[in-house]
Amino acid sequence: MSDRAAEQQGRQYILSLRPQWMEKILRGEKLVDVRQTRPAGRTGEDTVVWLYETWKEGGRGRIVAWCRVPEIHSLNVYRNPAQKQAYARLSGMTEEALEEYQRGRRQLHFWVLEDVHELTEQEAPTLKALGAVCPPMSWRTVKRGGEIWL
């Protein structure tokens, strides 16, 4: 595949999630994921995110699903308290939990999760197939050299 064709395919990321958040995403109760950082550049309809459930708290320690992330909203939470409340609801978090996660930061990033597809263990790619040696602490870019590319 040419570099130009690969560039037009969009970007892919891996998000690490604790089991409680993964379950809410799979049930459709969590429509955005909150992060303290975001990738540089654009996102769009062709942006794919692989959802990795951590081992913590009895998780599966593997890719469990994938979804599209058409937008990542960056928000100055001090200037936009009403939007912060709305995003707290969409993320399945209480305002207090979001405040604790914020840890004094002015800006948070809300990854919009759409078109979620749960994967069986047999269907799920390994981290190695996605070009990762270990799961990310928060998120990471999938390198183009990985075996899997939707």
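The following conversation concerns a predicted model.

Visitor: Which residues have the most contacts inside the largest nonpolar core?
Guide: The largest nonpolar core has 26 residues. Several elements each supply at least two residues of this core, among them strand E1 (12-17), helix H2 (19-26), strand E3 (48-53) and helix H3 (81-90). Those with the most contacts inside the core are Val49, Leu51, Val69, Phe110 and Trp111.

Visitor: Which element gives the largest share of this core?
Guide: Strand E6 (107-112) is one of the elements that each supply at least two residues of the core. The largest share is 4 residues, and the element that gives this share is E6.

Visitor: Is E6 largely enclosed by the rest of the structure or largely open, and how many of its residues are buried?
Guide: A residue counts as buried when its relative accessible area is under 20%. E6 has 6 residues, and it is largely enclosed by the rest of the structure because the number of them that are buried is 5.

Visitor: How many bridges join E5 to E6?
Guide: E5 and E6 run antiparallel, and Asn76 stands opposite Gln107 in E6. E6 is also joined to E2, again in an antiparallel arrangement, by 4 bridges, with Arg35 opposite His109 in E6. Between E5 and E6, the number of bridges is 5.

Visitor: With which residues is Phe110 in contact, leaving aside its neighbours within four places in sequence?
Guide: Phe110 is among the residues with the most contacts inside the largest nonpolar core. Once the neighbours within four places in sequence are left aside, the residues in contact with Phe110 are Val32, Asp33, Val34, Glu71, Ile72, His73, Leu75 and Tyr87.

Visitor: How many residues has the second, separate core?
Guide: This core includes Leu119, Ala124, Ala132 and Val142. Its number of residues is 12.

Visitor: Is Cys67 buried or exposed?
Guide: The cut-off for a buried residue is a relative accessible area under 20%. Cys67 has a relative accessibility of 0%, and therefore Cys67 counts as buried.

Visitor: Which residues that line the largest pocket are the closest to its centre?
Guide: About 780 Å³ of space lies in the largest pocket. E1, H2, E2 and helix H4 (95-102) are the elements that give two or more residues to its lining. Of the 23 residues that line the pocket, the closest to its centre are Ser16, Arg18, Arg35, Tyr101 and Met137.

Notes:
Residues numbered from 1 in each chain as written. Predicted model: local features only at pLDDT ≥ 70, side-chain atom pairs only at ≥ 80, totals over all residues. Heavy atoms only, no water. Buried < 20%, exposed > 50% of the residue type's maximum accessible area, 1.4 Å probe, protein only. Core = buried A, V, L, I, M, F, W, Y, C linked by side-chain atoms within 4.5 Å. Contact = heavy atoms within 4.5 Å. Pairing = 2+ DSSP bridges. 1 Å grid on protein atoms, 1.4 Å probe; cavity = no way out; pocket = protein on both sides within 12 Å on 5 of 7 lines; lining within 4 Å. Points joined across faces, edges and corners; volume = space filled by probe spheres on them.
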